[in-house]
Structures are given as structure tokens and as C-alpha cells.
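Reader: Walk me through this model, one feature at a time. Give me the general idea, then the case.

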Amino acid sequence: MDAATQDMLKNLFETKLNSAMRLYLETCTHCGACVEACHVYNSMPEMRYSSVGRSEIIRKVFLKYFKLQGKIAPWLGETIELDDVTMDRFYDAAYSCTGCRRCMMYCPFGIDTQMIMGIAKLLLIGADKEPKLLTMLADMSIAKGEDAEASKAGFEEAIANIEPEVEALWKTAPGKKTIPLNVEGADILYVALSPKHSIIPAAAILNAADASWTLSSFEAVNFGAFMGDSKRMMAIAQRIIAEAERLKVKTVAIVECGTAYRVMKQQTGKHPFEVVAFVELIAKFLREGKIHTTKNIAEKLTYHDPCQVARNGGVYEDPRYVISQIASDFKEMTPNREMNWCCGGGGGLVAMGELEFRMKSSRVKADQVKASGAGRICTICENCQTQLTDLSEHYELGVQVDSLANLVAHALIQE
Amino acid sequence: MESITAVKVLDYKGLSCPMPIVKISMEIGKVAVGDVLEVHTTDPGSIADFPAWAKTTGHEIVEIKQEPGLIRIFVRRKK
């Protein structure tokens with residue numbers, strides 16, 4: 001690595017050094033409380049896969065360049081230089097961490113390892129060493145926003161083509177559009193993903209509740225967040241924010257996608273609309289008697305709390321209430337809620353492939369699912385759903401994995 | 001329009017997000033420059049995803065055909 005690149009990376013590092021980050025980098029006492037908290041370490045017990053092990057690489061670079069001790073006595077505390085080997089270690093640390101923040105629950109100082117990994121991710125972008133697949137996906141999302149008009153007619157046709165599948169779940173009231181698009185003044189903007197399975201059940205539920213809603217032209221997922229690139233993250237989110245503001249909606253309901261929810265809810269500033277996870281709307285519709293469901297799931301069902309919606313988003317009870325309205329034999333996994341094990345597919349790992357690592361590093365999750373004794377598992381994150389399906393196949397768990405919204409859509413009672 | 005002959009048909013129906021784009025990104029490198037791949041999908045979002053992907057990666061969407069239950073996207077490798 002040449003000196004100019006090293007200087008550029010040091011400058012990038014410095015941009016991340018706000019007071020919270022300095023606190024996280026300076027207060028770790030190496031007590032080890034976080035070590036066992038990481039699903040990767042639990043499944044593959046090497047210190048580089050522990051929270052403290054990951055963060056230590058960043059800390060040693062921090063010590064080298066941003067602390068007096070490192071500048072005058074670099075041999076104390078084993079400082080390390082920013083070079084190509086260090087960048088490889090940054091990659092190993094940042095992209096073996098799913099950003100689930102379970103370790104934060106155990107740390108006596110509440111050190112946020114995901115935030116520390118944000119330094120590694122930013123410097124990897126600076127060094128042009130970030131996962132190119134994530135860059136490509138993020139840039140695709142941004143390009144989509146720049147040229148939305150070009151695909152408008154085709155998207156409308158595609159949406160019209162899936163309307164019969166919504167009607168099969170719920171007969172829309174006469175005079176109402178099955179999947180409304182571009183409706184100014186609608187109460188709710190529902191932001192889905194690209195696949196139709198993220199649209200059809202939600203449309204049926206929204207229509208069953210007789211909600212005033214409109215479907216977003218954009219997908220909710222944010223690959224800029226996965227790659228730790230705040231500029232790309234905001235550019236992707238801004239497409240939806242601008243659409244919501246143009247349509248003057250009151251609520252933006254995010255599809256079952258953990259990262260999409262957390263980005264829109266917590267990382268894009270204040271908005272003139274509220275942001276909810278779709279499950280929160282379902283629970284509201286049920287509580288207010290706007291939709292009615294039958295308990296048509298008799299098989300033992302368990303629930304996976306997605307890290308970004310539950311531990312990092314605070315949505316714990318609404319999914320459980322919704323499940324209580326559709327299933328007669330619910331069994332919690334242990335631990336659950338804020339202490340739940342990450343599925344192991346977050347942080348961009350599912351999009352990046354990484355099947356072998358995802359399976360090895362999530363053995364503890366597979367064990368947890370197996371111990372529940374459930375034949376079915378549902379969740380409210382597409383990423384988790386993919387990972388849990390892969391885990392079920394890899395570890396021969398024989399568990400059927402479902403989207404909660406899809407289960408609700410199939411339990412709707414039309415009187 | 002001249003008829004398009006695809007060297008391979010790729011079945012991406014029912015895949016989870018973002019697998020259609022991940023998979024086409026890998027498949028496009030396996031065919032010769034100028035060759036066309038035919039993608040079958042059911043994702044409404046792919047109508048905009050594929051052109052945006054082509055724009056950012058320098059490939060070409062030759063045509064998109066829709067019918068109930070199926071979206072066919074013809075992708076030409078350009079480089």
C-alpha cells in the first residue's frame with residue numbers, strides 16, 4: 001500500500017471518530033463477556049470470530065494513528081499499521097459479523113461492534129476492497145431511482161398480472177383497486193421487495209382491512225447499509241422518502257426485511273410520516289377488528305426474532321400477538337426476543353452467497369431451532385427466511401420456513 | 001423486431017430477494033460477448049431491476065416480454 005492510500009484511509013478512519021465511536025474504541029477492558037455472545041464464535045470458536053477479536057484489529061489501528069501512546073510508543077499495545085494485510089483482516093472481521101448486535105447486550109459498556117465494523121467497511125470501500133456484489137446491488141438500486149419513469153408502464157403491467165393471486169386470497173371490494181399504485185393522499189405507502197411473494201399477501205391483508213394504501217415503485221432493501229456506505233444508503237432510502245413525501249402518505253410500512261426497516265426507522269432522520277414494520281400494521285388491524293383470522297395452523301410453530309426488527313428495532317410483542325391469532329400450538333425458541341440468536345445471514349452474507357460460512361457459523365441457530373421441536377418456523381425478514389431455509393436443508397432439520405405475513409394472508413376470514 | 005435467440009434459459013421464478021440479480025451477474029460472465037440469456041422470473045420488481053443492473057454493469061436488456069405468470073427478460077452480454 002502506498003503512502004497516499006494510507007493517508008486517505010487514515011482520513012476516512014478519522015471521519016468515523018465521533019464521541020460514541022471513541023468511547024467504544026477506548027473503553028473495552030477485554031473482560032470477555034461478549035465472546036460467547038457471538039453466534040459465529042459459538043459455532044466456530046476462534047477469537048477472530050468473537051466481538052472483541054474483531055474490534056481489536058480496529059482498536060490497534062486506532063491506537064497507532066489517533067492516540068499519543070501509539071504515536072510515540074507503538075510497541076505498547078501492539079499497534080498495527082494500515083497496510084494490505086490489515087485490510088484483509090478488516091474484511092475478515094467485518095464480513096464475518098452480521099451486525100446483529102447480540103454482543104452489545106452482554107458488554108458492560110454497551111460497546112456497539114456493528115458500529116466499529118462500520119470503520120472497517122468504510123476503509124474497505126476506500127481501498128476498493130469491499131464485496132463488489134454488494135456495490136453492484138447498491139448501484140443498481142440507485143440507478144433504478146434515477147430512471148424510474150422508464151420502467152413505469154412495465155411495472156404497472158407486472159403488478160396487474162399478479163392481481164388475480166391477491167384476489168385468490170381476498171376478494172377486493174367492488175370499485176377498489178386490488179394493488180393501488182401511485183395514489184396521492186393514500187394513508188399507507190407499502191414498500192415491498194422485488195419478488196411477488198412480498199407483495200401478494202400484504203395486498204390481501206391491506207385490502208381485507210379496507211386500508212387506504214398504495215404500493216411503492218421501489219424495493220425496500222438497502223444494500224448500501226450492508227456495505228457500510230452511508231452515502232449509498234441514503235441515496236437508496238431517499239427514493240422512498242421522496243415518493244412518500246410526493247404522495248403525502250401518513251405511514252410508510254416496510255415489508256418483512258430487517259435492514260430495510262431499521263434503515264428507514266432509525267438511520268434516515270426525521271420524516272413527515274411514521275415508519276412501521278408491516279407486522280405492526282397487521283397487529284393493529286387485528287386489535288381493531290379490521291381483519292379476522294382463523295387459527296388454521298395446528299402444527300407446532302416457532303418464531304425467529306430478526307435482529308434488525310427485534311433487538312435493534314424493538315418489535316417483540318406484535319409478531320407474537322399476530323401468531324396467537326393464527327396458530328394454536330406456538331412454542332418459543334430459547335433464548336428469544338432481545339437475546340435471540342442471529343440467523344447468521346445478515347450483514348449482506350445472504351446476498352453475497354457465502355453458503356459454507358453461513359452454515360458453519362450458524363450451527364448454534366440450527367441447534368436452537370431443533371431444540372424447539374417445532375415443525376414450522378415463521379419470521380418477518382426475507383433475509384432470515386432464506387438463511388433459515390438453507391439451515392433447515394443443511395442440518396436436515398425438516399422445518400418449514402414461512403413469512404408471517406403469508407401465514408396471516410392464508411388465515412384471513414372473508415365474511 | 002428481429003427474433004432473439006438465447007443461448008440459455010435461466011429459471012429464476014420464485015427466488016428470494018436479491019437472488020435474480022445475483023444469479024444473472026454470475027451467469028453473464030459464462031457466455032460469450034454478444035450472446036443473449038433469457039431469464040424467466042415472476043418478480044414485478046425485476047422489470048426495473050434488470051435495466052438498472054444492465055445500466056450499471058454495461059450490459060444490454062434486449063427485450064422484456066410479459067404474460068400472466070411469467071416475465072421473460074432477454075439480456076445481452078456487451079463486454
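Author: Start with a loop. Glu396(A) lies in the loop between H20 and S7 of chain A. Helices (H or I, at least four residues) and strands (E, at least two) are DSSP runs, numbered from the N terminus. This is a predicted model: local features need pLDDT of at least 70, side-chain atom pairs count only at pLDDT 80 or more, and totals for chains, interfaces and linings use all residues. Residues are numbered from 1 along each chain as its sequence is written, while chains are lettered from A and ligands numbered from 1 in the order in which they are written.

Reader: What is the phi of Glu396(A)?

Author: Most residues other than glycine have a negative phi, and most peptide bonds are trans. Glu396(A) has a phi near 50°, a positive value in a residue other than glycine. Glu354(A) also has a positive phi, of about 50°, although it is not a glycine. Glu354(A) is found in the loop between H17 and helix H18 (355–360) of chain A.

Reader: Is Glu396(A) buried or exposed?

Author: Count neighbours. A residue is buried if 20 or more other C-beta atoms lie within 10 Å of its own, exposed if 12 or fewer, and partly exposed in between; C-beta atoms are placed from the backbone. Glu396(A) has 9 other C-beta atoms within 10 Å, so it is exposed. Glu354(A) has 18 within 10 Å, so it is partly exposed.

Reader: Which peptide bonds are cis?

Author: One runs from Thr334(A) to Pro335(A), with omega near -5°. Pro335(A) sits in the loop between helix H16 (317–324) and helix H17 (349–352) of chain A. Another runs from Cys17(B) to Pro18(B), also with omega near -5°. Pro18(B) sits in the loop between strand S1 (8–11) and helix H1 (19–27) of chain B.

Reader: Now sheets. In what order do S5, S6 and S7 of chain A stand?

Author: Strands of a sheet pair through backbone hydrogen bonds, either parallel or antiparallel. Here, two strands pair if DSSP finds at least two bridges between them. The three strands form an open sheet in the order S5-S6-S7 (chain A), with parallel pairing. Strand S5 (301–304) and strand S7 (400–403) of chain A are at the edges, each with a single partner strand, so one side of each has no neighbour in the sheet. Neighbouring strands are turned by 30° against each other on average, direction ignored. Axes are lines fitted to C-alpha atoms, for helices over the stretch in contact, and angles run from 0 to 180 degrees between N-to-C directions.

Reader: How many bridges join S5(A) and S6 of chain A?

Author: Four bridges, in the parallel sense, link S5(A) with strand S6 (residues 376–379) of chain A. Tyr303(A) has Cys378(A) in S6(A) as its bridge partner. Helix H20 (residues 382–394) of chain A packs on this sheet and touches S5, S6 and S7 of chain A; its direction makes about 175° with that of S7(A). Contact means that C-beta atoms, placed from the backbone, lie within 7 Å.

Reader: Which strands are at the edges of the four-stranded sheet of chain A?

Author: Its order is S2-S1-S3-S4 (chain A), open, with parallel pairing. Strand S2 (213–215) and strand S4 (274–277) of chain A are the edge strands, each pairing on one side only. The twist averages 25° from one strand to the next. Strand S1 (residues 188–191) of chain A pairs with S2(A) over three bridges. Leu189(A) stands opposite Thr214(A) in S2(A).

Reader: How many residues do chain A and chain B each give to the contact?

Author: Chain A gives 28 residues and chain B gives 25 residues. Helix H9 (132–146), helix H10 (152–169) and H20 of chain A each supply at least two residues of the chain A side.

Reader: And the elements of chain B: in what order do they run?

Author: From the N terminus on, they run β-α-β-α-β-β. The radius of gyration of chain B is 11 Å, close to the 12 Å that the globule rule gives for 79 residues, so chain B is as compact as a globular protein of that length. That radius is taken over C-alpha atoms; the globule rule is 2.2 Å times the number of residues to the power 0.38. Of the 79 residues of chain B, 39% count as buried.

Conventions:
Two residues are in contact if their C-beta atoms, placed from the backbone, lie within 7 Å.
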